[in-house]
Every structure is written in structure tokens, then in C-alpha cells.
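Reader: Walk me through this one in short questions and answers. Start with the term I need for the loops.

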Amino acid sequence: MTTRSLESAAPTRERVATPTVWSRIWQNDAPGYLFLLPWLIGFLGLTIGPMVTSLYLSFTDFDLLTSPDWVGASNYMRMFTNDPKFWASMRVTMFFVIFSVPLKLAFALMVAMLLNRGIRGLPLYRALFYLPSLLGASVAIAILWRQIFAGDGLVNKLLAVFDIAGPSWISNPKTSLWTLIILSIWQFGSPMIIFLAGLRQIPQDMYEAASLDGASRWRQFVKITLPLLTPVVFFNAIIQTIEAFKSFTPAFIISGGTGNPINSTLFYTLYLYQEAFAFFRMGYASALAWVLLALVGIFTAISFLSSKYWVHYDE
Amino acid sequence: MTTRIDRRQFLMGTSALVAAGAAGVMPAWAQADSLRLIFWGGQARADLTYGVTDLYKAAKGTDVEGEFLAWNDYWPKLATQTAGGNAPDIIQMDYRYIVEYAKRNAIAPLDEFVGGALQLADFDADQLEGGKVDGKLYGISLGANSVASLVNLPAFEEVGIEAPTNAWTYDDIMTMGEAFNSANIRGGMKVISDGSYTEPMLDNWLRQRGKALYTADGKLGYDEDDAIEWYTLWSKLRDAGVCVSAEDQAIDTGAVETTMLVQGKSAIMPSNSNQLVGYQAIMQDTLGMIGYPRIAPGAGGGHYRKPSMFFSVGGSSAKKEAAAEFLNFFISDPEAAKILGVERGVPCIAATRDIVAPTLDSQSQIALNFVANLGDLLGALPPSPPAAAGEIDASLIRTLGQEVGFGAKTPEEAGRELISGANDILSRA
């Protein structure tokens with residue numbers, strides 16, 4: 001308050017002060033920005049620039065060979081009113097997100113709890129269980145997955161031991177998407193590590209007090225572990241949901257880029273890729289990309305809004 | 001000689017490169033005197049192609065810098081380069097895309113070089129015609145091929161029936177299939193792959209009926225009744241267990257090793273004449289080659305000698321004449337011909353064919369003889385397809401055939417949807 005009244009009492013001094021403030025900023029912050037420059041150039045040139053371009057292109061017809069034609073919102077109109085493949089791919093991706101994310105988180109939590117019992121050689125197990133996450137998004141694993149779930153693949157050879165004739169999992173439209181969901185669950189490593197860190201934060205005396213009061217293990221899990229772990233669950237859920245929406249490589253490799261059999265693995269991202277790079281409709285593909293961005297944004301916003309009802313921070 | 005670049009020189013050099021890149025200027029050394037060539041194919045094709053560019057360098061002193069990609073990656077890359085004004089001088093082009101690229105001036109008409117840099121007097125007339133768009137020459141055919149069925153000959157011996165010849169019909173599939181089923185060889189091998197969603201097979205069947213996939217003005221050349229009959233025909237074969245099941249067929253994603261022929265699930269597979277070499281390379285059983293089945297004994301005209309691929313010259317190339325000279329060398333030099341063989345199809349100049357023929361292995365001989373002796377199977381070259389044909393194939397023909405196979409749609413539903421969907425895509429493009 002006092003400084004403020006002083007300044008207003010002496011307006012002439014302030015006018016003199018302004019350039020010094022600027023020069024101070026220049027002197028103090030310029031080196032920082034200079035060091036940031038490589039990243040800034042990349043961010044503006046490789047992220048913001050293409051994003052703005054793609055927003056513009058989403059309102060055009062653009063086939064790469066001729067210059068873009070402005071078509072207004074008709075790409076978006078077509079998507080929502082006259083494109084069954086848009087809805088088909090949306091269904092596939094939603095199904096994938098809804099099933100793969102909770103199952104993966106549950107599995108990751110289960111393994112994290114097993115590892116949290118103070119077993120010997122923990123670093124080794126941790127590394128082993130993390131391994132699939134490093135490999136999972138790779139082309140090699142997708143090809144391996146194809147072999148495992150093919151008609152005469154590993155899974156069916158195992159089933160044959162029990163006299164069960166399994167279908168060709170990857171080429172049957174009823175099961176093909178599930179092979180991809182299992183592939184995604186298998187990459188439980190990174191949420192597991194985060195869960196493990198979260199579990200380590202829970203004070204042991206709480207469990208001791210609870211068992212003295214005669215609480216069963218299940219009750220301890222529901223009343224102590226889960227509530228105290230909710231911030232970690234929340235974080236993992238958001239990250240994994242975004243990852244699931246973006247999932248592309250496995251479906252691309254396993255179906256040979258087609259989304260077949262009968263579009264049962266036509267992920268939204270795969271449809272986007274087809275429109276852009278198989279059919280050269282860059283405008284429409286850009287519009288698809290922006291709808292995906294909006295969709296992920298909405299899902300994340302809902303998670304954040306709902307979080308105050310179920311996420312317990314240590315207050 | 002050792003060249004040392006200290007850190008300051010390196011920094012200056014790289015920033016100059018970045019500046020040049022930012023200004024859209026190609027560094028001078030990339031322009032030099034060399035030609036840039038881009039093509040699709042595998043390592044085997046690349047080896048042959050680079051053999052010829054080496055020859056060219058030795059003969060004319062011009063460097064030709066090649067780059068090759070798989071088919072699926074090729075078109076996005078080429079379109080991106082073209083959009084960026086950075087297209088190569090020599091571009092391998094397909095019958096499916098030539099109209100689109102020509103109409104957008106992404107490839108250059110070559111008529112001004114004919115008789116000069118390009119000597120085409122002995123070039124097969126039908127192959128020359130295939131490279132024309134609106135009367136102007138945009139592509140030089142690198143070889144002719146035709147659709148063809150590949151036949152696993154030992155499988156027929158095991159079943160104990162004669163392997164089919166060019167005379168075979170769709171009715172024969174049923175009788176041969178029953179023989180296969182009762183013999184039950186190799187864990188239930190079927191006589192034929194499911195061809196219901198193979199575009200060239202539909203095309204061939206339509207042409208025998210006097211129809212076509214597309215008309216000269218880029219419209220659909222067949223109607224609902226044709227499409228329904230097509231799906232019904234294959235449903236009958238599938239229901240009788242004569243062709244492979246939908247579930248097996250869906251394993252085929254287009255890669256050679258995933259096909260029913262290589263997987264040992266069918267004895268006959270619709271394919272192309274220049275692909276025998278590639279299939280035989282990874283199969284133990286001896287393969288034979290026959291035409292696609294006839295719709296009735298004696299019916300023909302479904303096949304045609306298709307330009308398998310072209311070389312075109314980039315529309316923005318600064319060295320069109322030099323590129324045309326290389327094309328001429330590629331198609332007519334005797335030594336180049338010996339290197340290339342029939343890997344891109346049967347050469348289109350009679351003299352070149354005569355040079356090539358004695359040097360071929362037996363599989364290439366089979367392909368060469370097949371294309372040369374199509375007889376009454378041969379019909380006229382159809383007009384090049386509209387730009388949307390690729391999308392109609394990928395998103396309708398392949399998916400709908402599969403949906404009928406899995407019982408998700410009846411042949412009637414699929415037939416109607418094929419026509420309405422294709423018209424929708426054609427009107428959109």
C-alpha cells in the first residue's frame with residue numbers, strides 16, 4: 001500500500017523507471033531465453049506451427065498435390081452426419097479405452113501390491129515387469145503378437161493340450177480387438193512403478209493399528225490402501241486414458257494397416273491415418289485429429305471435475 | 001588426405017545449412033549434375049535398378065541417385081515431396097495414379113522428347129497407349145504383366161486330379177474343391193483362396209460379362225445385380241467348404257508370407273504374372289501359372305496386358321531431357337535389359353525381349369510365356385481407373401467381401417452397399 005501511494009504521488013519517477021525495468025528484464029531473463037532457444041524453436045516450429053496449420057487445413061480440402069480449397073465446416077459436418085466409418089472407428093476406440101484402461105490399472109495395482117511385500121530381489125522383478133512397457137509399442141512385439149494369436153499360434157497350441165480348438169484370434173472379428181486389449185494390459189509397467197511408489201508412501205502404522213482393531217486384509221485394502229492411493233490412481237488413469245486414445249502401432253501392424261477383419265480393429269487413429277496417407281484427404285484427416293484432441297480434452301476435464309469427489313489428498 | 005573440421009567451422013557450416021533449409025534453397029551440391037530417382041519395391045528390385053544406374057554412370061557419366069520404399073510408404077512420400085516442390089526427376093508411376101498425377105502437372109508430358117532422347121519406334125503400341133493421358137505420353141511402361149493364378153502343383157498330385165489349365169471355369173472350382181475335401185490333404189487344404197474381395201478378380205469376372213470396374217469417364221461399370229451375383233457365387237463356394245474360410249482368409253494382410261498359398265491353406269491363389277518369382281522363392285512346392293477362371297467354357301477377354309509400372313518425369317524437374325535420356329537407356333540398352341530381366345514385367349520392345357529371354361531362369365520363363373500366350377483370354381486394355389479407385393478397393397471391396405464371409409451381411413446387402421458406397425466415394429473425389 002505504501003509503495004503504491006508513493007508511486008502515484010510521484011508519477012514522473014515511474015516513467016523513468018519503466019525502461020530500466022525492461023532493461024533489467026532483458027539483462028536478467030535474456031540468457032534464460034537464449035538457453036531455451038533450441039527448445040523454443042522446436043516447440044514453435046515443430047509443434048505449434050504444424051498444429052495451427054492443421055487447424056487451418058481442417059477447414060479445407062487438401063490432397064497434397066494441389067493447393068488447399070477452403071470448404072468451411074463441411075469436413076466436421078460430414079464427420080458427424082454422413083460418415084459411418086467415423087462412428088465405427090469411434091466405437092472401436094471407445095471400447096478399447098473403456099476396457100483396456102481399468103483392466104490395465106487393476107492389473108498394475110495387483111502386481112505393485114505383490115511387489116510391495118518386501119520380497120527379495122525387488123529391483124530385478126521391478127525391471128522384469130517393466131520390460132513389456134519398453135517393448136510393447138514396438139513393431140516387433142506387434143508382429144510377435146500376430147504369431148501368438150494366429151490360428152496355429154502359441155495360444156491355440158496351449159489350448160490344444162486341453163483339447164480345445166481355439167479360433168484364429170487375430171482374424172476373427174469377435175476376438176481381434178480383445179487381443180489388442182490384452183496387449184495393452186500386458187504393458188502395465190509404468191502405472192505399476194507409479195503405484196509401487198504410491199504404496200511406499202502409505203505409513204505402515206496405519207495397517208498395524210487397523211489389524212489391532214481386527215480389520216481384515218480386504219477391509220484394510222478398501223479403507224486404507226485405496227483412499228490413500230487415489231491421487232496416484234487419478235494420475236495413472238488420466239495418463240493411460242490419453243495413451244489409449246492415441247494407440248496406433250499395434251492395430252496398424254496386426255491388421256496390416258487395414259483395421260480388418262471387418263473394421264473390428266479400425267482404431268480412430270488408424271482411420272485418421274488412412275484418410276491422410278492412403279486416400280490423401282489431409283483436410284478431413286486434420287479435422288479428425290482436432291475432434292480427437294477435443295475428445296481427449298473432454299475426457300480429461302471430466303476426470304478433473306469428478307476428482308474432488310473421489311480423490312483424497314493428504315490434508 | 002584428412003579433413004579436419006574444428007568446432008567453429010562445424011557450427012558455421014551447420015547454421016548455413018539450417019539457413020539454406022529454412023529459405024527452401026537446396027544446397028548446391030545436391031543439384032550438381034545428378035538425377036534423382038524414386039521407386040517402390042523390395043531389396044531385390046533395388047539391386048537390379050542400381051545395377052543399371054551404375055551402368056549408366058559408367059556409360060554416360062551421369063549419377064542417378066535412387067531411393068526406394070515399400071508400396072504403402074511410397075505414395076505418401078511421393079505426394080509429400082511433390083507438395084513440397086521437391087519431387088525427384090524420375091518417378092516410378094502406377095496405372096492407378098498416373099491420371100491423377102498427370103492432371104495436376106506433377107509429372108511431365110514426354111512427347112517433345114519422342115524421336116529425340118526417347119526412341120520408341122519399336123515399343124509395343126498397347127503399352128505405349130497405356131502411358132497416355134488425354135492423348136499425351138506421361139509414362140513409359142517398364143514391362144507388361146497380367147493377372148494370373150498361381151497353382152501349387154504337388155498339391156494336385158496328392159489329391160490325384162489334374163491341375164487346371166487356362167481352360168478352367170468357375171464351375172470347375174466346385175468339382176475340384178470337392179475332390180480336395182474328400183482327399184483331405186495337408187490338414188484340410190482348400191482348392192482356392194477366397195477371391196471375393198480381390199479387386200482384380202472381380203474386374204476379370206466383370207470383363208468376361210462385358211462389363212468393367214470403371215468406364216472411360218470414371219463411373220462405375222457394373223450394377224447391383226452384378227455385385228450381388230458376385231457375392232452369391234463366392235458364398236456358394238464358401239458354404240460348400242471349397243474356398244478357405246473367412247477366418248483363415250482374414251490372416252492375409254497383403255504381405256506375401258501371410259497369403260493362403262504360402263500358408264498352405266489353399267492350392268490356387270489369384271495373383272499377377274510377375275509375382276511367381278517372389279512366391280516360388282519362399283515356397284517348397286513347385287508353382288504353376290494359369291489364367292483366372294472363365295465364367296463359362298470358352299468365355300474370355302477378361303485378361304489384359306497391363307503396364308506393370310511406368311517411369312515418369314517429375315513435372316517440376318529442371319532436367320527433363322536428361323531424365324528422358326536415362327529412361328531410354330533403361331528400356332533399350334542390351335546390358336541393362338540383361339540385368340533387369342522380367343522383374344518389372346515383360347519388356348515392351350521386341351529386341352529387348354529377345355535379349356532377355358535366353359538369360360531367364362525357369363520361373364521367369366513361365367511368366368514370360370504366360371503373358372505372351374494369353375490367346376482368347378486377352379481383351380482390350382481398360383481405361384485407367386479414376387483417382388478414387390484405390391479407396392473403393394480398400395474401404396469397400398475388401399471390407400464387404402469379408403463381411404459376407406463372416407456372415408455379417410448377406411450377398412444382397414453387400415452388393416447394394418458396394419454400389420451405393422462406390423458412387424458416394426466417386427462423387428466425393
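Author: Helices here are DSSP runs of H or I with at least four residues, strands are runs of E with at least two, and both are numbered from the N terminus. Note also that the model is predicted.

Reader: Where is the place of B:R186 in chain B?

Author: B:R186 is not a glycine, yet has a positive phi of about 45 degrees. B:R186 has 16 C-beta neighbours inside 10 Å and counts as partly exposed. Its place is in the loop between helix 8 (170-183) and strand 9 (190-192) of chain B.

Reader: Is B:D134 buried or exposed?

Author: B:D134 has a positive phi of about 50 degrees and is not a glycine either. It is found in the loop between strand 4 (132-133) and strand 5 (136-137) of chain B. B:D134 has 9 of them, so it is exposed.

Reader: Now the chains. What is the radius of gyration of chain A?

Author: Chain A has 14 helices and two strands. For 315 residues the globule rule gives 20 Å, and chain A is well over that, so it is more spread out than a compact globule. Its C-alpha trace spans about 95 × 75 × 35 Å along the principal axes. The radius of gyration of chain A is 27 Å.

Reader: What radius of gyration does chain B have?

Author: Chain B holds 19 helices and 13 strands. Its C-alpha atoms fill a box of roughly 75 × 50 × 45 Å along the principal axes. A compact globule of 429 residues would be near 22 Å, and the value for chain B agrees with that: 24 Å.

Reader: What share of the residues of chain A count as buried?

Author: Buried takes 20 or more other C-beta atoms within 10 Å. In chain B, 45% of the 429 residues pass. For the 315 residues of chain A, the share is 28%.

Reader: How far apart do the C-alpha centres of domain 1 and domain 2 of chain A lie?

Author: The domain assignment of chain A gives domain 1 as 1-37 and domain 2 as 78-310. Their C-alpha centres lie apart by 51 Å.

Reader: And chain B: how many residues does domain 2 of chain B give to the contact?

Author: Domain 1 of chain B is 33-144 + 307-376, and domain 2 is 147-303 + 388-428. Their C-alpha centres lie 29 Å apart. Domain 1 of chain B gives 12 residues to the contact, and domain 2 of chain B gives 11 residues.

Reader: By class, what does the side of domain 1 of chain B that touches domain 2 of chain B divide into?

Author: Take the residues that domain 1 of chain B gives to the contact, 12 in count. They divide into six nonpolar, four polar and two charged.

Reader: Which elements of chain B give two or more residues to the side that touches chain A?

Author: Between the chains, 23 residues of chain B are in contact with 22 residues of chain A. By class, the chain B side has 10 nonpolar, seven polar and six charged residues. The elements asked for are helix 4 (71-83), helix 11 (246-249) and helix 18 (389-405) of chain B.

Reader: Which residues have the most contacts inside the largest nonpolar core?

Author: In soluble globular proteins, nonpolar side chains tend to be buried together. The largest core here has 149 residues. Inside it, those with the most contacts are B:I90, B:I107, B:L150, B:F326 and B:L327.

Reader: What is B:L150 in contact with, leaving aside neighbours within four places in sequence?

Author: B:L150 is one of the residues with the most contacts inside the largest core. Its contacts are B:L261, B:M269, B:S271, B:L276, B:Y279, B:L287 and B:M289.

Reader: Which residues does the second, separate core include?

Author: This core has five residues. Among them are A:I262, B:A246, B:A250 and B:F406.

Reader: Which residues are exposed on the other side of helix 6 of chain A?

Author: The buried residues of helix 6 (139-149) of chain A are A:I141, A:W145, A:R146 and A:F149. They cover an arc of only 150 degrees around the axis, so they sit on the same side of the helix. Their cover includes helix 5 (122-135), helix 7 (154-161), helix 8 (176-186) and helix 12 (249-254) of chain A. Exposed on the other side are A:V139, A:A140 and A:Q147.

Notes: Residues are numbered from 1 along each chain as its sequence is written. Chains are lettered from A and ligands numbered from 1 in the order in which they are written. This is a predicted model: local features need pLDDT of at least 70, side-chain atom pairs count only at pLDDT 80 or more; totals for chains, interfaces and linings use all residues. The radius of gyration is taken over C-alpha atoms; the globule rule is 2.2 Å times the number of residues to the power 0.38. A residue is buried if 20 or more other C-beta atoms lie within 10 Å of its own, exposed if 12 or fewer, and partly exposed in between; C-beta atoms are placed from the backbone. Domain bounds come from an automatic or database domain assignment. Two residues are in contact if their C-beta atoms, placed from the backbone, lie within 7 Å. Ala, Val, Leu, Ile, Met, Phe, Trp, Tyr, Cys and Pro count as nonpolar, Asp, Glu, Lys and Arg as charged, and the others, Gly among them, as polar. A nonpolar core is a set of buried Ala, Val, Leu, Ile, Met, Phe, Trp, Tyr and Cys residues joined through C-beta atoms within 7 Å. The arc is that of the directions from the helix axis to the C-beta atoms.
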